[in-house]
Amino acid sequence: MSRRSDQRRDAVFALYQRDVTGRTLDELLEGAKPFTKELASGVDERREDLDKEISARARGWDLERIAPL
């Protein structure tokens, strides 16, 4: 049984790997726990809104300059 904190880490790792490698999120989440898939999919679906929120709060930084992780 995997802890939720481990599943959160796995979701972040899958999203990062997708951005870095270009592999699909479905491929990267193959065999993942349901909570991991739910988190990663939720972030992916809301990415535009999340990027806007980060940009609005990142004073003096462009979103492109912020490390993906």
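Mentor: What follows is a set of questions and answers about the terms applied to this chain.

Mentor: This is a predicted model, in which local features need pLDDT of at least 70 and side-chain atom pairs count only at pLDDT 80 or more, while totals for chains, interfaces and linings use all residues. Residues are numbered from 1 along each chain as its sequence is written, and side-chain values use heavy atoms, with hydrogens and water left out.

Trainee: How do you know what the secondary structure of the chain comes to?

Mentor: Helices (H or I, at least four residues) and strands (E, at least two) are taken as DSSP runs and numbered from the N terminus. By that rule the chain has four helices and zero strands, and the order of elements from the N terminus is α-α-α-α. Along the principal axes, the C-alpha atoms fill a box of roughly 40 × 25 × 20 Å.

Trainee: What makes Asp-44 and Arg-18 a salt bridge?

Mentor: The term requires a side-chain nitrogen of Lys or Arg within 4 Å of a carboxyl oxygen of Asp or Glu. For Asp-44 and Arg-18 the N to O distance is 2.6 Å, so the pair meets the definition. The two residues link distant parts of the chain, since Asp-44 is in helix H3 (residues 34–45) and Arg-18 is in helix H1 (residues 4–21), 26 residues apart. Asp-44, at 34% relative accessibility, is partly exposed, whereas Arg-18, at 15%, is buried. In general, side chains of opposite charge can pair when their charged atoms come close.

Trainee: Why is the contact of Arg-47 with Asp-51 called a salt bridge as well?

Mentor: The closest N and O atoms of Arg-47 and Asp-51 are 3.9 Å apart, which is within the cut-off, so the name applies. These residues are four apart in helix H4 (residues 47–57), which means that about one helical turn separates them. Arg-47 has a relative accessibility of 33% and is partly exposed, and Asp-51 is partly exposed with 25%.

Trainee: How do you know that Lys-52 and Glu-48 form a salt bridge, and are these residues buried or exposed?

Mentor: Their closest N and O atoms are 3.5 Å apart, and Lys-52 and Glu-48 both lie in helix H4, four residues apart, about one turn of the helix. Lys-52 is exposed with a relative accessible area of 53%, and Glu-48 is exposed with 57%. The count by this rule comes to 11 salt bridges, and Arg-18, Asp-19, Asp-44, Arg-47 and Asp-51 are linked in a network of salt bridges.

Trainee: What makes the largest pocket a pocket?

Mentor: On a 1 Å grid over the protein atoms alone, a cavity is a set of points where a 1.4 Å probe fits but cannot get out, whereas a pocket is an open set with protein on both sides within 12 Å along at least five of seven lines; lining residues have an atom within 4 Å of a point. The largest pocket has a volume of about 520 Å³, the volume being the space filled by probe spheres set on the points, which are joined across faces, edges and corners. Of its 19 lining residues, the closest to its centre are Asp-19, Arg-47, Asp-51, Ile-54 and Pro-68.

Trainee: Which helix gives the most to the lining of the largest pocket, and how is the lining divided by class?

Mentor: H1 gives the most, with seven residues, and H1, H3 and H4 each supply at least two. With Ala, Val, Leu, Ile, Met, Phe, Trp, Tyr, Cys and Pro counted as nonpolar, Asp, Glu, Lys and Arg as charged, and the others, Gly among them, as polar, the lining has 13 nonpolar, no polar and six charged residues.

Notes. Buried < 20%, exposed > 50% of the residue type's maximum accessible area, 1.4 Å probe, protein only.
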